[in-house]
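Grab a pencil and work through these exercises with the model open beside you. Each task comes with a solution that goes step by step.

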Amino acid sequence: MARKMLDGFEAEQFDFDLFTIGAGSGGVRASRMSAGFGARVAVCELEFNPVSSEYFGGVGGTCVLRGCVPKKILVYGASFSGEFEDSKNFGWDIHGNVTFDWNRLMENKTKEITRLNAVYKRILASAGVTILEGEAKLISPHIVQVRHSSGEVKQYRAKNILIATGSRAVLLDIPGKELAITSDEALSLETFPKRVVIVGGGYIGVEFAGIFNGMGSKVDLFYRRDTPLRGFDDEMRAVVAKNLESRGILLHPTMTLRRIEKVVDGVKAYTDKGEEITADVVLFAVGRNPNTKRLNLDAVGVELDSKGAVKVNEYSQTNVPSIWAVGDVTDRINLTPVALMEGTCVANTLFGGQKTKPDHANVASAVFCIPPLSVVGLTEQEAVAQAKSDIIIFTSTFTPMKNTISGRQEKTVMKLIVDSETDKILGAAMCGPDAPEIIQGIAIALKCGATKAQFDSTVGIHPTAAEEFVTMRTATRRVSHIKKS
């Protein structure tokens with residue numbers, strides 16, 4: 001019997017059934033699960049460093065090493081200042097000055113991400129995955145070349161190749177941009193900045209504004225729109241903006257920077273409205289680009305979009321049948337749990353005997369500002385544009401029980417978006433303490449197609465904020481759907 005040939009290779013000539021480039025969330029998940037199905041798997045990742053570059057990365061990827069995890073650690077740290085203040089009316093007296101040690105927090109944060117880097121390596125190794133440290137690039141649809149950290153260059157033959165290289169933060173292209181930092185550096189600053197200018201009103205900019213403000217910095221936040229968090233529900237965006245201001249963050253809507261220059265006492269930022277602000281740090285949070293430049297994808301014919309993202313079909317397969325891609329490098333929904341889902345689906349499709357499409361509907365997300373915002377499903381604007389019937393909006397705005405004693409003038413806001421014809425809940429949002437924990441549960445209900453009547457028939461837990469989601473009986477407004485011509 002003739003041996004099976006694949007693009008010039010005999011089946012047994014492959015070194016691996018799957019070669020994954022990038023050991024972030026999606027790459028690790030796909031590699032580990034594929035190995036669990038019996039596949040021979042290798043994953044290649046750059047040498048570990050808390051700050052990424054073209055030459056440094058680390059097993060665990062952006063989320064674990066320089067994204068979600070260290071960011072959340074800093075959010076916890078920043079939240080204590082408000083807790084100290086709120087505790088007074090609960091009977092607590094703090095005698096003496098409360099001080100904050102940035103270097104101690106950085107040391108403990110770095111210890112934790114170093115630990116997690118080792119944990120992810122153990123997870124891969126225990127699954128039987130071969131870990132290669134170095135920089136990988138494609139030579140052909142079945143050959144990957146790796147420049148190992150040792151300097152050795154070696155080629156590997158793989159039946160399938162998975163691109164899971166994520167994305168990297170970009171700098172605003174203005175004079176003096178080399179004086180600015182991105183979120184990578186912000187998570188590893190050697191000296192705590194007392195004055196911070198942040199450019200960008202997306203979730204990264206908003207989160208870092210809360211972090212530095214909570215730790216005592218003077219923070220100026222610049223963004224191009226009237227309100228921050230473009231793409232989120234307009235009503236909830238306004239709530240977040242109000243909270244940012246009430247906590248002392250200086251907002252600069254419809255403004256950006258024109259240039260930055262070094263001065264004796266820091267850096268000076270010049271705005272497009274003629275203002276000048278001196279700061280210790282200018283942080284650019286103006287977006288991230290897919291990390292594809294050094295992969296040699298053009299040479300093997302992998303199609304990219306205008307932003308450099310890898311184009312894939314509904315199964316995460318590129319136009320080159322042996323090459324697949326998951327996570328931020330595809331620029332679909334750039335969230336860690338989505339990359340995990342996509343990696344799971346690729347493993348199932350290739351080696352699990354079950355072709356599986358990732359389901360990008362009703363993906364919940366959170367902005368870890370203080371207090372946090374969390375959403376799932378459609379925004380009001382999206383619902384009105386897509387619906388075939390009127391949309392009914394239910395909202396609840398109230399003072400959290402804790403704030404009634406602490407005296408903090410900050411409201412929790414909740415929102416449900418309902419299709420008037422089907423009674424189906426199309427979207428939910430919350431801004432307030434514990435919002436992400438609550439919305440995660442709401443997301444399950446939306447995934448199951450829950451109706452407003454089912455929410456109404458659910459008995460709440462008292463006293464909690466979450467019970468408001470099942471006690472909103474009176475509609476706030478009814479919005480006519482947009483008739484399609």
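**Exercise 1. Find which residues Asp220 touches, leaving out those up to four places away in sequence.**

Solution. Start by placing the residue: in this predicted model, Asp220 sits in strand 12, which covers residues 218-223. Next, list its contacts: Val196, Val197, Ile198, Leu250, His252 and Ile277. Then check its accessibility. The relative accessible area of Asp220 is 3%, and the cut-off for buried is under 20%, so Asp220 is buried.

**Exercise 2. Work out which residues have the most contacts inside the largest nonpolar core.**

Solution. Here's a general idea to begin with: nonpolar side chains tend to be buried together in soluble globular proteins. The largest such core here has 43 residues, and Phe208, Phe212, Leu221 and Leu373 have the most contacts inside it. Helix 6 (residues 203-214) gives the most to this core, namely 6 residues. Now zoom in on Leu373. Skipping neighbours within four places in sequence, its contacts include Leu229, Phe232, Met236, Val240 and Met430. Apart from this core lies another one, with 23 residues, including Ala42, Val144, Tyr156 and Ile163.

**Exercise 3. Classify the ring pair of Phe16 and Tyr156 as stacked, tilted or edge-to-face.**

Solution. A pair of rings is described by the distance of the centres and the angle of the planes. A search of the whole structure turns up 9 aromatic pairs. For Phe16 and Tyr156, the centres are 6.1 Å apart and the planes make an angle of 45 degrees, so this pair is tilted. Where do the two residues lie? Phe16 belongs to strand 3 (residues 16-21) and Tyr156 to strand 9 (residues 153-163), so the pair ties together parts 140 residues apart in sequence. Both Phe16 and Tyr156 are buried.

**Exercise 4. Do it again for Phe100 and Phe192.**

Solution. This time the ring centres are 5.7 Å apart with the planes at 75 degrees, so the pair is edge-to-face. Phe100 is in the loop between helix 3 (68-86) and helix 4 (102-126), while Phe192 is in the loop between helix 5 (183-186) and strand 11 (195-199). On accessibility, Phe100 comes out at 36%, so it's partly exposed, whereas Phe192, at 19%, counts as buried. Phe100 and Phe192 form one aromatic cluster with Trp102, Phe208 and Phe212.

**Exercise 5. Say how many disulfides a search of the whole structure finds.**

Solution. The search finds 0. Take Cys448 as a case: the nearest cysteine sulfur belongs to Cys345 and is 17 Å away, while a disulfide needs the sulfur atoms within 2.5 Å. Cys448 is exposed, at 65% relative accessibility, but Cys44 is buried, at 3%.

Methods. Residues numbered from 1 in each chain as written. Predicted model: local features only at pLDDT ≥ 70, side-chain atom pairs only at ≥ 80, totals over all residues. Heavy atoms only, no water. Phe/Tyr/Trp six-rings, centres within 6.5 Å; stacked < 30°, edge-to-face > 60°. Helix = DSSP H or I, 4+ residues; strand = E, 2+ residues; numbered from the N terminus. Buried < 20%, exposed > 50% of the residue type's maximum accessible area, 1.4 Å probe, protein only. Core = buried A, V, L, I, M, F, W, Y, C linked by side-chain atoms within 4.5 Å. Contact = heavy atoms within 4.5 Å.
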